[in-house]
Amino acid sequence: MTANSVLSRPASRRPLTWGTPLTYALALAVAAVSIAPIVYVIVGGFRTTPQIVADPAGLPDPWVWDNYARVLTQSDFWRQAFNSAVIALGTTLGVVVLGLCAAFVIARYTFRGREALHTFFTLGLLFPAGAAILPLYLMLRDLNLINSYYAVILPQVAFSLPITIVILRPFLSAIPRELEDAAAIDGADRLGFLWRIVLPLSRPALVTVGILAFVASWNAFLLPLLVLGDANLHTLPLGVQNFSSQYTTDTAGVLAFTSLAMLPALLFFTLAEKQIVGGLQGAVKG
């Protein structure tokens with residue numbers, strides 16, 4: 001083969017694929033659609049109602065801080081924030097503890113009906129929580145739990161267990177049996193193995209289910225609306241409704257209240273984003 005023939009041969013080119021640019025474009029579009037309403041609500045809180053009426057899509061000119069200051073000085077806001085925090089933390093604790101125990105048994109124990117039990121929990125993902133509101137309310141009323149934190153925490157824990165077990169089981173199943181045998185040789189029982197080895201290794205999954213439970217509880221509206229008739233027990237989502245009903249003409253104030261109500265869950269989710277991605281990836285690989 002001569003040098004001229006080599007030079008005359010067209011250079012091989014990498015085939016042009018549009019998969020990656022298209023994926024990025026779709027991701028950016030979805031992110032823009034998701035973030036734009038949040039940015040609009042937060043920025044709208046820095047405007048006055050006449051500014052919003054005159055130019056709904058405009059920027060603050062000038063920036064107004066009175067709306068946020070007025071919300072933060074209200075005692076109702078802090079009481080509702082406290083109620084939301086108690087309910088969200090109680091729900092998260094219950095979901096992590098009970099979900100870990102149930103997933104550990106399903107993943108590490110061998111017994112008749114194990115797969116049927118796991119399928120039963122998986123089918124819980126298909127059950128809409130709204131369909132159980134009426135019987136749930138009647139049951140909570142018969143148990144004298146209406147107008148209490150337990151009326152919200154217990155059902156939220158129950159409805160969060162299916163996704164928790166689905167995420168945790170692959171993590172717990174992937175732990176090598178050799179580690180369990182070594183722990184048994186060292187004198188650790190099942191609970192010791194769970195506490196000393198399983199918990200540290202399952203930290204990404206536990207953080208994932210904990211964050212999902214916390215954010216879902218913080219943003220819950222329908223269940224607290226039905227079971228918390230006492231205004232002193234209202235959470236922030238109910239506070240947004242009450243504030244908007246009380247100040248129907250104060251659009252800027254409503255936007256400021258809404259921004260502050262969703263800010264804790266938004267920050268919590270954003271700071272733990274990597275943990276959530278790692279936990280879900282581990283569940284898929286498992």
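This note goes through the predicted model point by point, from its overall make-up to single residues.

1. **Ground rules.** The model is predicted, so to speak of local features a pLDDT of at least 70 is needed, side-chain atom pairs count only at pLDDT 80 or more, and totals for chains, interfaces and linings use all residues. Residues are numbered from 1 along each chain as its sequence is written, and side-chain values use heavy atoms, with hydrogens and water left out.

2. **Confidence.** The protein averages a pLDDT of 85, and 88% of the residues score at least 70; pLDDT is the predictor's confidence in each residue, on a scale from 0 to 100. Helix α1 (residues 3-8) has the lowest confidence, with a mean of 48, while α5 has the highest, at 94. Where pLDDT is low, the predicted coordinates should not be read in detail.

3. **Overall make-up.** The secondary structure comes to 15 helices and 0 strands, where helices (H or I, at least four residues) and strands (E, at least two) are DSSP runs numbered from the N terminus. Of the 286 residues, 38% are buried, a word that here means under 20% relative accessible area, with exposed meaning over 50% and partly exposed lying in between (1.4 Å probe, protein chains only). Among contacts with a separation of 6 or more, 73% are between residues 24 or more positions apart, contact being defined as heavy atoms within 4.5 Å.

4. **Record annotation.** An unreviewed UniProt entry lists "transmembrane region" for several stretches, including residues 21-43 and 205-228; its positions are given in the numbering used here, feature names are shortened, and annotations may be inferred rather than shown by experiment. In the model, residues 21-43 are 100% helix, with end C-alpha atoms 31 Å apart, and residues 205-228 are 83% helix, with end C-alpha atoms 32 Å apart.

5. **The largest pocket.** Its volume is about 390 Å³, and of its 21 lining residues the closest to the centre are Gln 156, Phe 159, Ser 160, Ala 216 and Ser 217. A pocket is found on a 1 Å grid over the protein atoms alone, as an open set of points with protein on both sides within 12 Å along at least five of seven lines, whereas a cavity is a set where a 1.4 Å probe fits but cannot get out; lining residues have an atom within 4 Å of a point. Grid points are joined across faces, edges and corners, and a volume is the space filled by probe spheres set on the points. Helix α8 (150-174) gives the largest share of the lining, 6 residues.

6. **The largest cavity.** There is 1 cavity of 30 Å³ or more, and its lining includes Ser 84, Trp 218 and Pro 237. Helices α5 (75-108) and α11 (203-218) each supply at least two of the lining residues.

7. **A buried residue.** Ile 106 lies in helix α5 and is buried, because its relative accessible area is 2%. Beyond neighbours within four places in sequence, Ile 106 touches several residues, among them Leu 117, Phe 121 and Arg 169; the C-alpha atoms of Ile 106 and Arg 169 are 7.2 Å apart, although 63 residues separate them along the chain.

8. **Backbone details.** A cis peptide bond, with omega about 0°, joins Asp 61 and Pro 62. Asn 144 is not a glycine, yet has a positive phi of about 60°; Asn 144 sits in the loop between α7 and α8 and is exposed, at 68% relative accessibility.
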